[in-house]
Amino acid sequence: MKLSLSRRAFLGTAAAGLAAGAMPGYFRNALAATPFNFQASWINDAEFTGYFVAIDEGLYTAGGLDLNYMSGGPDVIPESTLISGTADLTLTTPDTTVKAIVDQGAPFKIIGTQYQKNPIGIVSLAKAPINSPADLVGKTLAVPPVNVISVEAMLKLNNIDKSAVNIVPYAYDPTPLIKGEIDASLDFTTNVPFTIEQAGEKATSFLLYDFGFTIYNDTVVVTEETLKSKRAELVAWLKASRKGWETNLADPAVWPPKFADTWFKGTGRTIENEVFFNTAQKPLIESPNGIFSMDEEGIAKNIEALDQIGIKATREMFDTTLLEEI
Amino acid sequence: MGTGRRATALTLIGIVALWEIAGDLDLVASGALPSPSEILVAFWRDKADYWPHILATVRTAAIGFVIGNAVAILAAILFVRVPASERLARGINIAIFALPPIAIVPVLVIALPGEGARLALAALAVYFPTMTAMTVGLREIDPRVVDVVRAYGGGDGAVMRWVRLRSSLPALLGGLRVAAPNAVLGAILAEFGSGSRYGLGAYLLGSLGRADPARLWGIGLAATAIAGLGYALAALAAKRVTDASRAVTIASGAMPPAKGRGQQRIAIAVASFLLPFVVWWLLLWLGGLSPIIAKTPLGVFEYLFLPPTGASARERLLAALVETLPITVLGMAAGLAVAFLLAVLGAVRPGIVRALLPIALVTQTMPLVALTPLLVLIFGRGIAVTVAITVSVTFFPAYVTLAQGLAMVPRAAFDLVGAYGARGWTAMRLVALPASLPWLFAAARLAVPRALLGVMIAEWLATGRGLGNLLNQSRGYLDYGMIWSVALVSVLVSVALYQAAVMLERVATRR
């Protein structure tokens with residue numbers, strides 16, 4: 001092999017040496033972590049009920065984990081918390097994670113998935129329904145800028161020119177949809193229809209997954225280093241979390257009310273909304289092989305869908321061996 | 001005074017009544033504007049939820065306010081005592097001022113654990129207004145008082161202690177008036193992204209998806225009340241101090257001429273430009289962050305100019321800039337015009353402006369994301385909404401500075417033209433406008449870099465174009481090189497606009 005170091009690689013290595021070697025990092029080392037840090041991908045809502053159940057039922061403690069749960073938000077980039085060392089494990093969307101692996105050389109592995117089917121879909125009002133990608137032509141669709149490539153991929157898969165749809169930013173407030181300023185929005189189909197119905201309208205929706213964009217969501221991601229050094233903890237996390245989710249989904253209406261004064265206190269959302277969310281997400285999470293499982297067919301579908309948007313995923317980015325150890 | 005109070009009360013009542021009617025009858029934006037009574041009902045319904053959030057925000061804003069102001073005051077004293085230090089720190093000062101907060105929140109959240117990011121943003125938000133006001137205040141002194149101190153053998157230290165610090169108080173309090181709402185805004189913005197469970201920002205975030213404008217307005221008004229309390233305290237103190245110590249003569253307002261030989265001045269200018277980059281590098285080095293997320297200046301250069309990323313990155317960045325820059329200039333002019341009109345109106349008809357002030361303050365503290373549905377329903381998603389957001393972001397600091405300038409005009413000058421029969425608008429034109437010229441430029445310097453921030457916010461929330469959208473998309477795609485590049489380019493653009501305002505000021509005051 002010819003020994004050549006590209007300038008980019010050289011600069012990168014030099015910078016890494018500077019950062020990691022010469023100066024150990026005063027801020028980071030100040031919080032050397034003994035607990036197991038779990039960074040969630042959004043603020044506390046029903047999306048994370050299974051983990052709240054597992055924490056409150058002592059399932060992590062029983063598995064020998066001192067779990068530190070960290071809520072997310074729009075500016076929290078889950079993958080960043082892994083790289084910065086603030087978190088040991090996080091939940092991501094597979095498109096961003098794989099892109100980070102390919103483009104930035106980020107040392108990530110996907111070790112499981114919360115959603116077998118991505119809950120993200122196109123939501124519209126029943127009185128002006130958009131039931132398939134073809135209905136979007138000539139319409140205004142609000143999309144969080146993060147998800148624009150996913151929507152464009154779905155349009156392409158359905159032979160629709162992306163310029164035929166007017167895509168505008170979506171700031172997670174359904175008011176413009178309810179007032180008719182936009183025709184549809186991209187959101188969690190498990191969540192926003194509840195709000196729309198509360199506002200006196202009927203909602204209709206379809207999943208991007210059902211129109212060819214077949215990816216997981218809330219994929220469980222760790223760094224390769226954590227995979228090596230904390231394998232036992234990761235297996236314990238998967239085991240306790242699976243139990244937490246099974247307990248929660250046994251009856252989706254049971255647990256959210258119990259968290260009204262704890263996990264869901266002061267979030268500004270209602271418990272009825274969380275019950276709706278929890279019920280709607282059940283079929284998207286459950287799997288015949290057990291919650292979090294990733295079967296070969298599902299992985300292949302992810303690789304295929306990501307390929308449509310120019311993200312080259314490989315089978316090696318998914319590590320199913322921890323799931324086998326549960 | 002009596003008629004002024006009545007005008008204030010009547011205007012306020014009129015505005016609230018119109019708002020109530022418009023809200024109840026769903027006249028504005030097909031009902032996206034809730035009426036005051038709807039907001040109050042929602043507030044009462046949610047009152048138990050509010051306390052932990054309000055306490056968290058007040059705590060963050062207060063600590064950040066104290067830290068930021070302490071640093072700002074010490075820096076201003078240093079700058080006046082050692083003028084070279086100001087020129088050296090110029091790059092850092094402008095960079096802190098011009099940094100678009102939406103670009104640095106994710107980086108701060110990664111770099112500073114726990115509460116650190118929130119405190120840092122609140123402190124950063126108050127540093128610049130206080131530092132600028134304090135520096136001006138320390139310089140604009142009555143030379144005759146200095147002569148007295150010197151005559152009794154006082155040195156620079158005595159002048160600082162007996163003259164400068166005392167006479168800077170009105171200006172400092174003017175600065176604090178801007179800083180107080182800024183601290184609250186900074187705290188809320190950081191809560192938005194730092195994953196904290198409590199704080200009005202976190203509460204707003206959870207409420208966004210509920211399509212409940214009354215709740216969002218309630219949260220925004222709670223933020224306004226906190227900011228308004230800070231503003232009122234500073235304004236009250238300022239009023240007491242300025243009434244007692246208003247100068248008899250008009251200060252020149254000129255900046256001290258740069259000393260030293262040409263070469264030395266160039267060396268300091270270069271050092272001041274390089275210093276922010278050194279600090280940037282140093283902070284990342286101390287932080288020990290991975291070079292994947294934390295790009296050094298070299299990392300950004302690599303990303304923008306070397307393969308494989310260079311060509312595509314430059315192309316995307318340029319395309320975004322071309323969309324963003326023209327509208328920034330437009331928004332900047334509009335923001336200054338609004339501030340100037342409001343300040344002049346305030347001097348002529350103080351009663352009416354006192355009624356408008358609470359509304360002006362609402363526009364400063366109401367998180368724009370809460371208003372997005374209303375704004376897009378009223379203004380659409382084009383140039384109009386961008387200019388509207390930019391005006392709302394820029395006009396307030398400019399207005400406060402201008403109003404301060406107009407208030408500093410000595411009574412004697414008004415008495416003179418008054419003796420010749422000039423009142424109201426005429427007195428304004430003859431005395432206040434010429435006297436406030438230096439303040440107009442100070443206001444422009446404050447407002448100009450914020451214009452870019454305003455445009456980026458509009459692009460991020462409503463239009464989906466330009467730098468704001470590129471930044472947001474890059475965050476989603478984990479394109480860290482682009483995140484840092486956009487932050488750097490937006491700071492450079494803001495600094496360039498700021499320098500342009502400074503040059504104009506020099507040209508204009510030389511006449």
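This is a predicted model: local features need pLDDT of at least 70, side-chain atom pairs count only at pLDDT 80 or more; totals for chains, interfaces and linings use all residues.
**Interfaces by buried area**

| Interface | Buried area | Share on carbon and sulfur atoms | Salt bridges |
|---|---|---|---|
| Chain B and chain A | about 5400 Å² | 63% | one salt bridge |
| Domain 1 of chain B and domain 2 of chain B | about 4400 Å² | 79% | zero salt bridges |
| Domain 1 of chain A and domain 2 of chain A | about 1700 Å² | 67% | one salt bridge |

**Between the chains**

Chain B contributes 65 residues to the contact with chain A, and chain A contributes 61 residues. The one salt bridge found across this interface joins Glu181(A) to Arg381(B), whose closest N and O atoms are 2.8 Å apart.

**Chain A**

Chain A is assigned domain 1 (32-117 + 215-325) and domain 2 (120-211). The centres of these two domains, taken over C-alpha atoms, are separated by 25 Å. Their contact involves 21 residues from domain 1 of chain A and 16 residues from domain 2 of chain A. Of the area that domain 1 of chain A buries against domain 2 of chain A, 31% is supplied by Lys117(A), Phe276(A) and Gln308(A), more than by any other three residues. Lys117(A) also forms a salt bridge with Asp210(A), the closest N and O atoms being 3.1 Å apart.

**Chain B**

In chain B the assignment gives domain 1 (32-281) and domain 2 (295-511), with C-alpha centres 16 Å apart. The contact between them takes 47 residues from domain 1 of chain B and 48 residues from domain 2 of chain B. About 4400 Å² is buried between these domains, 79% of it on carbon and sulfur atoms, and the count of salt bridges between them is zero.

**A helix pair in chain B**

Helix α14 of chain B spans residues 310-348, and helix α15 of chain B spans residues 350-365. The two helices pack at an angle of about 130 degrees, with their axes 6 Å apart; α14(B) and α15(B) are therefore oblique to each other. On the α14(B) side, the residues in contact are Leu342(B), Leu345(B), Gly346(B), Ala347(B) and Val348(B). They meet Pro350(B), Ile352(B), Val353(B) and Leu356(B) in α15(B). By class, this contact comprises eight nonpolar residues, one polar residue and no charged residues.

Methods
Residues are numbered from 1 along each chain as its sequence is written. Chains are lettered from A and ligands numbered from 1 in the order in which they are written. Side-chain values use heavy atoms; hydrogens and water are left out. Axes are lines fitted to C-alpha atoms, for helices over the stretch in contact, and angles run from 0 to 180 degrees between N-to-C directions. Helices (H or I, at least four residues) and strands (E, at least two) are DSSP runs, numbered from the N terminus. Angles under 35 degrees count as roughly parallel, over 145 as roughly antiparallel, 65 to 115 as roughly perpendicular and the rest as oblique. Contact means heavy atoms within 4.5 Å. Ala, Val, Leu, Ile, Met, Phe, Trp, Tyr, Cys and Pro count as nonpolar, Asp, Glu, Lys and Arg as charged, and the others, Gly among them, as polar. Domain bounds come from an automatic or database domain assignment. Buried area is the accessible area (1.4 Å probe) that two parts lose on being put together, summed over both. A salt bridge is a side-chain nitrogen of Lys or Arg within 4 Å of a carboxyl oxygen of Asp or Glu.
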